[in-house]
Amino acid sequence: MSIVHLAWKSLKNRRTTALLTIISIAVSVTLLLGVERLRVQARASFTSTVSGTDLVVGARSSSLNLLLYSVFHLGNATNNITWQTYQELSDDDAVAWTIPVSLGDSHRGYRVVGTSVDMFEYFQYGDEQALSFASGGRFSDLFDVVLGSEVAASLGYQLGRQVVLSHGLDGAGLQQHDNKPFTVAGILEPTGTPLDRALLISLEGIEALHVDWINGAPPNALLSVSAEKARGMSLQPVSVTAYFVGLKSRIAAFRYQRAVNEYRPEALTAILPGVALGELWQLVGSAENALLAISVMVLVACLVGMLTTILTSLNERRREMSILRSVGARPWHIFALMITESMIYGVAGTLLGFATLYALLFAIQPVLQTSLGLHIAVTLPGTFELVLALAIVGSATLLGAVPAWRAYRNSLSDGLTVRL
Amino acid sequence: MPVIDLANVVYRWGSGKPVLDIPELVVHRTRKVFIHGPSGSGKTTLLGLLGGVLTPLAGQVSVLGTDLATLSPVQRDHFRARHIGFIFQMFNLIPYLSVVDNVTLPLSFASERLQSVQRSGLTPVQEAKRLLAHLGLDDPLQLERPVTELSIGQQQRVASARALIGSPELIIADEPTSALDADSRRAFIRLLFNECEAAGSTVLFVSHDRSLESLFDHSLSLQDINRAAVGEVL
């Protein structure tokens with residue numbers, strides 16, 4: 001019978017304490033890996049969203065604020081860009097394409113994004129992927145709407161469904177644009193970006209919704225313009241909230257950014273999304289580090305708990321050790337037996353921790369996707385996680401050397417007989 | 001060549017008075033020797049010296065012709081595992097191992113004893129079951145039960161099978177019958193002797209209970225051979 005076998009049977013004999021020790025290690029491993037996984041995945045998800053966009057332009061504000069409201073639909077725009085300014089700045093020689101976005105309406109908690117068909121043409125996310133349709137296609141009619149995958153899935157909408165949009169973003173009692181319902185013309189494939197949680201309509205559609213509104217107030221019955229009537233009207237957009245820019249060459253990015261920032265007629269801000277994201281990471285970095293530090297502390301506490309468990313078991317196992325000695329076990333066998341025990345704790349705790357992590361990831365993935373629009377990919381453990389796992393098993397084993405050494409010393413002094 | 005040969009062996013714990021001072025003790029092959037003495041007469045120390053876990057202050061401890069002092073601690077451990085089977089007073093068994101696993105345990109630490117079993121054409125488990133059957137433990141149900149649920153007598157028989165497996169040359173028994181009643185003691189010793197004779201093992205039996213000494217070839221009083229014990233009133 002090998003030492004590993006012996007250690008395993010011995011642990012099985014003390015299965016309650018052993019199991020509790022393993023569970024406590026597993027929980028801390030899950031916590032540590034989970035924090036790290038969320039951090040990496042959240043960053044990947046954010047970075048993926050802006051990967052195809054060179055610049056984002058909006059009304060003057062902090063770059064982080066602009067990035068959050070224009071790209072991630074978090075918070076509100078400070079101001080709009082006039083249509084004329086947008087036209088002028090889009091005409092720059094360096095610009096390959098622009099995608100305007102017009103925000104401010106919603107539908108059952110999901111944001112409505114007014115945009116142009118260039119969204120479907122030029123927007124790229126992840127690894128240079130363009131938007132594609134699960135069913136239907138782009139909006140072509142004034143009152144067509146394209147749904148993000150998450151919107152369609154959670155509301156159960158299909159092509160041809162009539163959708164009434166609301167004025168404003170959240171809360172109850174929003175004014176409904178119920179005289180101008182939209183029809184679902186297309187549903188996007190999942191992208192893992194905030195567009196999954198958005199409804200896309202044309203800029204003209206946005207204009208049509210608000211054509212009879214005066215100073216942000218809903219029309220009274222007399223002035224109200226019907227959907228049919230709106231079709232005949234001029235629906236040239238007055239403004240956009242922000243626009244995304246793709247450049248012919250990224251070399252021009254700084255020049256274009258300066259041109260926008262110094263644009264005289266209107267106070268604007270142009271940001272490089274990667275740089276703004278860097279600011280965001282810096283902002284949340286200390287919180288992340290604190291969380292990581294706490295997880296490490298929890299792990300250390302659990303390993304010390306394991307050490308306590310083993311050390312307390314030593315005395316009651318003294319006779320067991322001397323029996324082993326009498327049947328021929330060398331002192332180093334005793335040492336190996338004890339250290340194998342901590343190694344089993346470490347390995348089992350880490351494996352169970354990984355298993356729990358994946359179970360949680362599978363459970364939490366849809367929730368994060370729905371509630372935060374955060375796409376967490378459930379992938380195989382990365383190098384960092386494997387190194388971490390090895391480090392945990394290594395530390396457990398190393399800590400196990402303490403009781404192992406004591407058992408070794410005991411077995412030398414006790415010899416074959418122990419008096420209890 | 002004697003199995004045990006002690007010459008002028010002196011041992012003391014720490015820096016106190018010697019607890020053991022034996023000018024001579026010789027035990028020949030296949031003998032069954034009974035050593036009696038009250039507690040404190042140095043029995044445990046003698047067993048420690050024979051097992052190689054203690055080293056004498058002076059003198060020579062030879063087992064099977066090997067002077068234990070010439071061996072390193074690791075070699076002594078190995079020597080013990082290979083040549084000596086121990087049976088102790090009680091709580092002799094590893095509680096989390098099955099009966100058969102307890103019996104085959106020494107084979108994992110002494111390959112010579114494993115080979116000795118294999119030479120007989122049996123697997124370790126078969127040999128363990130054979131020994132247990134000879135010692136009167138042949139009920140398959142008993143073998144399945146946790147060792148902690150066996151009676152003391154049954155536990156001591158399991159411990160004997162463990163000492164005997166792989167046919168070590170020397171069986172050292174330290175008060176193995178103290179927890180048994182008189183009838184069980186005699187039965188236990190007969191079973192033990194049968195197996196030792198079959199394997200050609202020498203038996204050194206240490207006890208304070210002289211009622212058993214008639215069963216042995218030789219009986220010694222530790223007080224008679226231990227000069228350190230002379231004059232001590234216990």
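Reader: Where is B:S167 found?

Author: B:S167 sits in the loop between α7 and β7 of chain B. Keep in mind that this is a predicted model.

Reader: What should I look at in its backbone?

Author: Begin with the general idea: most residues other than glycine have a negative phi. B:S167 is not a glycine, yet its phi is positive, about 45 degrees.

Reader: Which loop holds B:E175, and what is its phi?

Author: B:E175 lies in the loop between β7 and α8 (182-199) of chain B. Its phi is positive too, about 50 degrees, and B:E175 is not a glycine either. With 18 C-beta neighbours inside 10 Å, B:E175 counts as partly exposed.

Reader: How many bridges join β3 and β8 of chain B?

Author: Five bridges join β3 (residues 32-36) and β8 (residues 202-207) of chain B, in the parallel sense. As one case, B:F34 has B:F205 in β8(B) as its bridge partner.

Reader: What does an antiparallel pair look like in chain A?

Author: Take β1 (residues 55-59) and β16 (residues 268-271) of chain A, which pair in the antiparallel sense over four bridges. A:G58 has A:T269 as its bridge partner in β16(A). The side chains of a strand can also be sorted by direction. In β16(A), A:L268 and A:A270 point one way and A:T269 and A:I271 the other, and all are buried.

Reader: How do I describe two packed helices? At what angle do α10 and α13 of chain A pack?

Author: Give the angle, the distance, the handedness and the residues that meet. Helices α10 (residues 273-316) and α13 (residues 383-414) of chain A pack at about 25 degrees, with axes 10 Å apart. They are therefore roughly parallel to each other. Their crossing is right-handed. Among the residues that meet are A:L299 and A:L303 in α10(A) and A:I392 and A:L399 in α13(A). By class, this contact has 13 nonpolar, two polar and one charged residue.

Reader: At what angle does α11 of chain A cross α13(A)?

Author: The axes of α11 (residues 318-326) of chain A and α13(A) cross at roughly 65 degrees and come within 10 Å. This crossing is right-handed. A:R318, A:M321, A:S322 and A:R325 of α11(A) meet A:A407, A:N410, A:S411 and A:D414 of α13(A). The contact divides into two nonpolar, three polar and three charged residues.

Reader: How many residues of chain B are in contact with chain A?

Author: 25 residues of chain B are in contact with 16 of chain A. On the side of chain B, α3(B) gives the most, with five residues. That side has 16 nonpolar, five polar and four charged residues.

Conventions:
Residues are numbered from 1 along each chain as its sequence is written. Chains are lettered from A and ligands numbered from 1 in the order in which they are written. This is a predicted model: local features need pLDDT of at least 70, side-chain atom pairs count only at pLDDT 80 or more; totals for chains, interfaces and linings use all residues. Two residues are in contact if their C-beta atoms, placed from the backbone, lie within 7 Å. Ala, Val, Leu, Ile, Met, Phe, Trp, Tyr, Cys and Pro count as nonpolar, Asp, Glu, Lys and Arg as charged, and the others, Gly among them, as polar. Axes are lines fitted to C-alpha atoms, for helices over the stretch in contact, and angles run from 0 to 180 degrees between N-to-C directions. Angles under 35 degrees count as roughly parallel, over 145 as roughly antiparallel, 65 to 115 as roughly perpendicular and the rest as oblique. A crossing is left-handed if the near helix is turned anticlockwise from the far one by less than a right angle, and right-handed if clockwise. Two strands pair if DSSP finds at least two bridges between them. A residue is buried if 20 or more other C-beta atoms lie within 10 Å of its own, exposed if 12 or fewer, and partly exposed in between; C-beta atoms are placed from the backbone.
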